[in-house]
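Work through the exercises below with the structure in view. Try each task before reading its solution.

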Amino acid sequence: MTKAELIGAMADGAGISKAAAAKALESYIGTVAKELKKSGKLGLVGFGTFSVIRRKAREGRNPQTGKTIKIPAKKVVKFKAGKALADKVK
């Protein structure tokens, strides 16, 4: 599903315009990003938990040349589905 398709589904499900759904989705994404940057964790009961983890620096290989390269440390976002979401997907 693309972002445009998600906006359309949200608009239909909530009975609102696509513009309002797009604004709501952008607000949600911005709020999640801001909270993850601030505290590193965001939990939504019944949906799941977003958290920020730090990956250590490591060595990798260039697949074309086989040469060893250094991959720097970085922060990544992790998502763990909640029980209610996991049960709906089964």
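Buried means under 20% relative accessible area, exposed means over 50%, and partly exposed lies in between (1.4 Å probe, protein chains only). The model is predicted: local features need pLDDT of at least 70, side-chain atom pairs count only at pLDDT 80 or more, and totals for chains, interfaces and linings use all residues. Residues are numbered from 1 along each chain as its sequence is written, and side-chain values use heavy atoms, without hydrogens and water.

**Exercise 1.** Classify Phe47, Phe79 and Phe50 by accessibility.

Solution.
- Take Phe47: its relative accessible area is 35%, so Phe47 is partly exposed.
- Take Phe79: at 36% relative accessibility, Phe79 counts as partly exposed.
- Take Phe50: its value is 16%, so Phe50 is buried.

**Exercise 2.** Find the aromatic pairs in the whole structure.

Solution.
- Apply the rule: rings of Phe, Tyr and Trp (its six-membered ring) pair if their centres lie within 6.5 Å; planes under 30 degrees apart are stacked, over 60 edge-to-face, the rest tilted.
- The search finds two pairs.
- Phe47 and Phe79 make a tilted pair, 5.4 Å centre to centre with 50° between the planes.
- This pair links distant parts of the chain: Phe47 sits in the loop between β1 (41-44) and β2 (48-55), Phe79 in strand β5 (residues 74-81), 32 residues apart.
- Phe50 and Phe79 also make a tilted pair, 4.8 Å centre to centre with 50° between the planes.
- Phe50 lies in strand β2 and Phe79 in strand β5, so this pair ties together parts 29 residues apart in sequence.
- Strands here are DSSP runs (E, at least two residues), numbered from the N terminus.

**Exercise 3.** Which residues form one aromatic cluster?

Solution.
- Phe47, Phe50 and Phe79 form the cluster.

Technical notes. Helices (H or I, at least four residues) and strands (E, at least two) are DSSP runs, numbered from the N terminus.
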